[in-house]
Amino acid sequence: MGAGETKIALAYGATNFANAAMQQLFVTYYIDVFMNINGVTSGWFFFGELVFLLWNSIDDVLFGWIIDTCYSSHSYDRHRTSIIYGGFLWSVSFVVLFYPDFDVDSSPIVTGLHFALSLCFYDGCLSWVMVSHSALLADITYNTKQRAKCNMFSALMSSIGCFSVFFGRLYWDSSELDSFRRYCAVLAIISAFGFQFTAHNIAKFPRPRADEELGEKENVVFSQVISLRTFLVHISSQWNLILWMGVSTIQVFNCHFNSNFFSIFIKYFMGNDYVLFQSVCIFLSSICPHFVVMALSPLVATYGVYPVIKGLIICKITLAVLALSLEIAWLSWTFIPLYLLLNKVFNEALCRHGNIVVANLVDEDAVRYNRKTSVSAMMFGVVAFVTKPGQSLAPMFTWALLNDNLTEPQSESGPTIVFLITVVPLVCGLLQLLLWLRFTLKGSVLSSIQQQRIALECE
């Protein structure tokens, strides 16, 4: 990879660093802050979560449509501009989560509204930036190897950003949050620079072209006006997109089934013993998927993303079958954490290759409907709209099945829980494999589509 391409990939990954740095702290501490420190009542908590669920379901597709239809510029510039301003607002929204300084004696209406509005503000900024950032992958290059490199640098930068939660622990004190709030403010400033680094450094490089002879060609392409209804009609006939949304919906459900209850399962089977070992498992479950993505990047660059995702699905199925085939006696405290860790790593690694698949689907859409400028943000937004319900369905499903079991002695409920933590990934994996085997945007077909898109944009 040349120095110029390395800088592009690094710039692309800078947003993932900022995302991971803030998001890891958000998911770790926001409930603790609002429930135990700000004193949000149960009624306001569920109200806020319901509002957040509804907003979280529509904001991606709404923002994708706005970004792709309301700017009169090339899609590349639209996404860069969205990151510049949206990234700043995202950093502000992160600080707003932990300010002002409420206490348990504050008005429940004030703390409740702060909870609901700050959640929606934060998620709205996150969705605005990440929809544009994901769509950039479809616009900065049509080359599979370059997309794999960008994905690898994204994983690298995300793994660095994950350390924010561990440094944050040094400043966390539930009885006095001033130091923690200052740490969050500093982290927000650093993240804001990460967003700016992405936007400004990617903007310094020319847009993708068929060859160097096109350097003098006018490169101003204005947005094609397309209604949301027309776009939905278009995507309803794209079989590969429908297949991927099916695979991705199952994957989101499976990922949140694992992540939301990972620490609970480990603590349930190990109790209060081996606390350090449990902490190491939780840490590894957060950072290992990024290393797996980096390790698989050369394979994606050489063979494409299709066989890599197929291999990850098969690994997940094999692992579940192996766990089921062993006697319950083998599923001791040493095996269960290892199984949960590997299962979570395979699932998270699969999720992190999704942007490459959707970028390829954007190419197919552009060629099929002769789009000189893509509707990449709308495409990523629609995929997120379809798959995001899994984020809420997984914890509700798991809690409904396991709530009573988690309060029973391990000797009585252990086999039931082991059965579920193996059967759910197995069923999800089998369904995904059936769908993925029908996916045709791969190999020579994908290469032909990408060549046609290059020619289309250069007309």
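This is a predicted model: local features need pLDDT of at least 70, side-chain atom pairs count only at pLDDT 80 or more; totals for chains, interfaces and linings use all residues.

Analyst: Start with one residue. Glu364 sits in α13, the helix of residues 354-368. Is Glu364 buried or exposed? Its relative accessible area is 10%. The cut-off for buried is under 20%, so Glu364 counts as buried.

What does Glu364 touch beyond its neighbours in sequence? Leaving out residues up to four places away, the list is Gln238, Asn240, Leu441 and Ile449. Take Gln238 from that list. Along the chain, Gln238 and Glu364 are 126 residues apart. In space, their C-alpha atoms are 8.9 Å apart.

Now the helix as a packing partner. α13 packs with α4, and the two axes are 9 Å apart. The angle between them is about 55 degrees. On the α13 side, the contact is made by Asn355, Ile356, Ala359, Val362 and Asp363. On the α4 side, Ser134, Leu137 and Ala138 take part. By class, the residues of the α4 contact with α13 are five nonpolar, two polar and one charged.

Next, the partner helix. α4 spans residues 108-140 and also meets α14, residues 376-387. The axes of α4 and α14 come within 8 Å and cross at roughly 125 degrees. That angle makes α4 oblique to α14. This crossing is right-handed. α4 contributes Val131, Ser134, Ala135, Ala138 and Asp139. α14 contributes Ser376, Ala377 and Phe380. The residues of this contact divide into five nonpolar, two polar and one charged. Ser134 and Ala138 of α4 are named in the contact with α13, and Ser134 and Ala138 are named again in the contact with α14.

α4 also holds His133. With a relative accessibility of 1%, His133 counts as buried. Beyond four places in sequence, His133 is in contact with Tyr12, Thr15, Asn16, Ile83 and Thr198.

Helix α12, residues 335-351, contains Leu341. Leu341 is at 12% relative accessibility and counts as buried. Leu341 touches Phe262, Cys281, Leu284 and Ser285, with residues up to four places away left out. The C-alpha atoms of Leu341 and Asn258 are separated by 9.2 Å, although the two are 83 residues apart along the chain.

Helix α6 covers residues 164-171, and its buried residues are Ser164, Val165 and Gly168. Down the axis of α6, these buried residues fall within an arc of 90 degrees, so they line one face of the helix. An α-helix has 3.6 residues a turn, so residues three or four places apart point the same way. Exposed Arg169 and Leu170 lie on the face of α6 turned away from the buried side.

Finally, the chain as a whole. The chain has 17 helices and zero strands. Of its 459 residues, 54% are buried. Contacts between residues at least 6 apart in sequence join residues at least 24 apart in 87% of cases. Glu364 with Gln238, 126 residues apart in sequence, is a pair in contact.

Terms used. Residues are numbered from 1 along each chain as its sequence is written. Side-chain values use heavy atoms; hydrogens and water are left out. Buried means under 20% relative accessible area, exposed over 50%, partly exposed in between (1.4 Å probe, protein chains only). Helices (H or I, at least four residues) and strands (E, at least two) are DSSP runs, numbered from the N terminus. The arc is that of the directions from the helix axis to the C-beta atoms. Axes are lines fitted to C-alpha atoms, for helices over the stretch in contact, and angles run from 0 to 180 degrees between N-to-C directions. Angles under 35 degrees count as roughly parallel, over 145 as roughly antiparallel, 65 to 115 as roughly perpendicular and the rest as oblique. A crossing is left-handed if the near helix is turned anticlockwise from the far one by less than a right angle, and right-handed if clockwise. Contact means heavy atoms within 4.5 Å. Ala, Val, Leu, Ile, Met, Phe, Trp, Tyr, Cys and Pro count as nonpolar, Asp, Glu, Lys and Arg as charged, and the others, Gly among them, as polar.
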